[in-house]
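Please consult the sequence and the structure shown here while reading.

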Amino acid sequence: MIGRTTVLLGLAAFVVAPSLARANGEIIGMVQGGKGRVANAVVSLVDVSGSFSGAGKSAQMNQKDKEFSPSVLPVLKGTTVRFVNSDPFFHNVFSSSTVKQFNVSQEKVGDTSEMVFDKPGIVPIRCHIHASMKAYVVVLPNPYFALTNANGLFRISNVPAGTYTIKAWTGHGAPETQTIQVPASGEAKVIFKGA
Ligand SMILES: [Cu+2]
């Protein structure tokens, strides 16, 4: 009996293994603009089937030295964003966007407001008191996105193999799109050349 059980377990492992092996690749690339590489661009896959939710996830946008930090915050829809005042004076955080409207006052250091961003789109964030304070929360429909670093580079990991439309949003002009084929393992490369 022991021998038979071992054989059955071995067979089960053999049958199950292929479905557990994840055929996922990576996308790496660069975003360029008219003045060179673009930092803080949001690169994302547009047409991914499946249902995704950021419910239970959280992200933070700080207010420090009269600046929002980060100035661009990409999140999966459903994510809770925590706005924190780290300055010892009055700030206000608001958005007039139809994607997400709100208006909160933060009087003192440590004041915190949480907002759920449950609709995909671009949400400009401002402060009524300091006109120079500007930021964006970019709400995305799936988790396959990345923010470019200071050198304009990005990496999106763990992407199911397939053909997708990939979009780069820089805050200036219309987003640039390309078609990309993600392999079952390894990297697909894409360069956005900008305007
Ligand atoms: Cu302010």
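Leu 153 is partly exposed because 14 other C-beta atoms lie within 10 Å; a residue counts as buried with 20 or more other C-beta atoms within 10 Å of its own, as exposed with 12 or fewer, and as partly exposed in between, the C-beta atoms being placed from the backbone. The structure is a predicted model, in which local features need pLDDT of at least 70, side-chain atom pairs count only at pLDDT 80 or more, and totals for chains, interfaces and linings use all residues. Residues are numbered from 1 along each chain as its sequence is written.

Leu 153 belongs to strand E14 (residues 153–160); strands (E, at least two residues) are DSSP runs numbered from the N terminus. Beyond its neighbours within four places in sequence, Leu 153 is in contact with Met 30 and Thr 148, contact meaning that the C-beta atoms, placed from the backbone, lie within 7 Å. The C-alpha atoms of Leu 153 and Ala 41 are 9.2 Å apart, although 112 residues separate the two along the chain.

An open sheet is formed by four strands in the order E13-E3-E15-E16, with antiparallel pairing. Its edge strands, E13 (145–147) and E16 (176–182), each pair on one side only.

Two strands pair if DSSP finds at least two bridges between them.

| Strands | Sense | Bridges | Partners |
|---|---|---|---|
| E3 (residues 42–45) and E13 | antiparallel | three bridges | Val 43 and Ala 146 |
| E4 and E5 (residues 67–69) | antiparallel | three bridges | Asn 62 and Ser 69 |

E4 and E5 form a hairpin with two residues between them, and Asp 65 in the turn has a positive phi of about 55°.

Definitions and conventions
Two residues are in contact if their C-beta atoms, placed from the backbone, lie within 7 Å.
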